[in-house]
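Subject: Structure handover

Hello,

Please find the structure below. My notes on what was found in it follow.

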Amino acid sequence: MQQPAHPENCVAEDEIQHQLVAGLLATHAYTSPKYLYDVLGSRLFAAICELPEYYPTRTEAAIFKKHASQIAAAVGRDAILIDLGAGNCSKAARLFPALQPRQYVPIDISVQFLQESVNALRQQFPQIEMTCLGMDFSAELELPSSVAEQRRQFFYPGSSIGNFSPLEALMFLRRIRKAMHGGDSHSGLLIGVDLIKDHAILNAAYDDSLGVTAAFNLNLLHHVNRLLDADFRPSDWRHRGFYNADQHRIEMHLEARDDVIVHWQNGGIRRFARGERIHTESSYKYTEQGFIELLHQAGFGQVQTWRDPRKWFMVCHAQAA
Ligand code: AVI
């Protein structure tokens with residue numbers, strides 16, 4: 001399962017608590033989207049990907065399937081395929097027959113989980129060398145010498161780039177570009193990007209009729225309770241998920257159903273008035289041109305794009321400039 005990485009992953013426990021408290025005490029309270037992904041949160045996200053309203057996963061998969069040979073031509077044979085946030089490695093594995101990489105380098109926070117996923121893949125694709133790396137790639141992308149420097153092709157599907165602000169996204173893309181070193185013309189990035197579209201479609205994708213996204217958002221409170229020894233009650237809060245057209249982003253919030261007082265360790269306390277919100281996630285949407293411009297700013301050159309017939313989602317391949 002692919003999870004979005006966030007710059008704050010992997011920090012020490014007291015740093016996590018400090019960051020969480022700072023967000024909860026801010027005038028406009030917020031939490032990092034990484035707190036959506038405890039064990040239950042990850043399962044709920046997998047369920048979201050199956051929802052009729054949540055189009056990105058299905059649409060991206062259809063683009064990869066339909067344009068596999070063109071995408072493979074852009075990536076080139078014998079690549080070192082570096083999968084950022086690989087999870088169970090399933091998205092990359094579906095591309096192996098078309099891409100035929102020389103080496104596959106899945107990267108994720110938990111190397112143990114990666115090893116388990118890769119063990120099965122090794123049997124299926126014995127000709128591909130597989131090197132698992134456990135690291136927080138959103139904070140740094142220094143790859144070990146076991147990853148060849150030529151023909152590095154980074155893979156970042158799922159529109160996870162949207163969970164960064166545009167400035168964070170630019171910095172992240174620059175880090176990827178830097179990890180291509182001089183950038184031979186065989187180095188590149190294959191990335192999935194969600195596009196701006198009819199607001200009703202966007203709103204439904206993040207506020208589905210079964211309430212799975214609501215459960216995913218509310219579950220963050222259980223996670224925060226464990227991390228901070230806090231006393232949030234999910235029943236005091238309601239899910240809000242909507243498109244903010246001025247900011248080009250989906251916003252997810254938790255909104256207090258009534259006046260609520262929350263306590264946490266060491267005497268921490270926050271009073272929320274009825275209707276007050278905690279901002280839990282943003283998911284930025286791009287235009288094709290806007291994202292290509294961001295890639296150029298980050299130091300990428302030739303860009304190729306593939307979209308679905310409804311133009312809801314885009315897969316891009318960008319070469320190192
Ligand atoms: C992981 N990420 C790309 C998802 C998104 O669409 O921004 C997370 C998500 N949040 C609510 N639904 C899905």
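In this predicted model, the shell around the ligand has 8 nonpolar, 5 polar and 1 charged residues. Here Ala, Val, Leu, Ile, Met, Phe, Trp, Tyr, Cys and Pro count as nonpolar, Asp, Glu, Lys and Arg as charged, and the others, Gly among them, as polar. The ligand is surrounded by 14 residues, and the closest are Y54, N163, Y206, E281 and S283; a residue is near a molecule if one of its heavy atoms lies within 4 Å of it.

Some polar contacts (pairs of N or O atoms within 3.5 Å) can be listed:

- Y54 has a polar side-chain atom 2.5 Å from an oxygen atom of the ligand.
- For Y206, a polar side-chain atom lies 2.5 Å from an oxygen atom of the ligand.
- An N or O atom in the side chain of N163 is 2.9 Å from a nitrogen atom of the ligand.

On its own the ligand has 340 Å² of accessible area, and the protein covers 99% of this (Shrake-Rupley method, 1.4 Å probe). Two or more residues of the shell come from each of α2 (39-48) and β11. Helices (H or I, at least four residues) and strands (E, at least two) are DSSP runs, numbered from the N terminus.

Now the sheet. It is open, with 3 strands in the order β7-β8-β11 and antiparallel pairing; two strands pair if DSSP finds at least two bridges between them. β7 (237-244) and β11 (277-284) stand at the edges with a single partner strand each, so one side of each has no neighbour in the sheet. From one strand to the next the twist averages 20°, with axes fitted to C-alpha atoms and angles running from 0 to 180 degrees between N-to-C directions.

β7 and β8 (residues 249-256) are joined by 8 bridges. W237 has A256 as its bridge partner in β8, and Y243 has I250. The two strands form a hairpin with 4 residues between them, and H248 in the turn has a positive phi of about 55°.

Residues are numbered from 1 along each chain as its sequence is written, and side-chain values use heavy atoms, without hydrogens and water. Local features need pLDDT of at least 70 and side-chain atom pairs count only at pLDDT 80 or more, while totals for chains, interfaces and linings use all residues.

Regards

Note on methods: A polar contact is a pair of N or O atoms within 3.5 Å; within protein, one must be able to donate a hydrogen and the other to accept it, and residues adjacent in sequence count only if both atoms are side-chain atoms.
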